[in-house]
Amino acid sequence: MCLCKVNKERLIKMGIKRIIPCLDIYKGKVVKGINFVGLREVGDPVEYAVQYAKQGADEIVMLDIAATKEGRQNMLNLLKETVKKVSVPITAGGGIECAEDIRMLLDAGAKRISINTAAVRRPELIREAAEEFGSKCVVLAIDCRDMGKGQYHVMINGGKKDTGIELTSWASEAAALGAGEILLTSMDADGAKNGYDISMLNALCRTVKIPLIASGGCGTVGHFIKVFKETECDAALAASIFHYGDLTVDTVKKALKNSGIPVLMDKEGACV
């Protein structure tokens, strides 16, 4: 089945799981850290996007973690250059505060946008984005910490500030406002390569019915298998294991297929 002829919504209805490499971008370069700190430069975003598209990535997430005015222009330029070279849908985010920021990213070639801190500060941004651009374009990114005893707090400002807001409460509100998908990152697991936070993900799966992307902690192909076997997540995102060549997207998909998990093996990229 050719991915370029199948949209994301149909993939979800078919129960097909998506593999999504993530590019955290700082001053025009891909960077990666552990638990949101200790960032190290990894390489060129466009080169990585091309590589992942060839490997069969279903989507690629590009996040500007600097989110300055200068950084935003760099991000727009990177997006324009990337979409010239890959057909894989790009979800772009970082520093989005208003509809005009969203419009610029979509005009530069992003298929979807990811909003985080600004949505927590002003939830109506989700409704405004959904009404103007469509819910399928709106991905709500949630950075979260495990506070113990089944409590998960939403973090903002790059994970530096604890809002005190409970994860499931925020996710439910966001879904009602029109968020089309949630990208949930466990800050405790991020970069540690010990696996996704299954308990946190299941807490969200039990609460909201919109698609969910698992993020934070993937270190082996077994972690991909586990997250799809033990949760109802629709997609899994990873960074370090792909950036450093520990795994490739096609290797992961072959392992998932062999484990009875439905994936698309074509290397052209899914479209919206």
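Predicted model: local features only at pLDDT ≥ 70, side-chain atom pairs only at ≥ 80, totals over all residues.
For a pair of helices, the axes are lines fitted to C-alpha atoms over the stretch in contact, and the angle runs from 0 to 180 degrees between N-to-C directions. Helix H4, residues 99–107, packs with H6 at an angle of about 45 degrees, and their axes sit 10 Å apart. Because of that angle, H4 counts as oblique to H6; roughly parallel would need an angle under 35 degrees, and roughly perpendicular starts at 65. As for handedness, H4 and H6 make a right-handed crossing.

Who does the touching? On the H4 side it's Ala99, Ile102, Arg103 and Leu106, and they meet Leu125, Ala129, Glu132 and Phe133 in H6. Sorted by class, the contact between H4 and H6 has six nonpolar residues, two charged ones and no polar ones.

Now follow the chain out of H6, which spans 124–133, and you run into Gly134, in the loop that leads on to strand S7 (138–148). Is Gly134 buried, exposed or partly exposed? Its relative accessibility is 23%, so Gly134 counts as partly exposed; buried would mean under 20%. To place Gly134 against another spot in the chain, take Asp197: the two are 63 residues apart in sequence, and their C-alpha atoms are 30 Å apart in space.

Finally, go back to strands S1 (residues 18–26) and S2 (residues 29–34), which pair in the antiparallel sense over three bridges. Within this pairing, Asp24 stands opposite Val31 in S2. S1 and S2 form a hairpin with two residues between them, and Lys27 in the turn has a positive phi of about 55 degrees.

Notes:
Residues numbered from 1 in each chain as written. Heavy atoms only, no water. Helix = DSSP H or I, 4+ residues; strand = E, 2+ residues; numbered from the N terminus. Buried < 20%, exposed > 50% of the residue type's maximum accessible area, 1.4 Å probe, protein only. Pairing = 2+ DSSP bridges. Parallel < 35°, antiparallel > 145°, perpendicular 65-115°, else oblique. Left-handed = near helix turned anticlockwise from the far one by under 90°. Contact = heavy atoms within 4.5 Å. Nonpolar A, V, L, I, M, F, W, Y, C, P; charged D, E, K, R; others polar.
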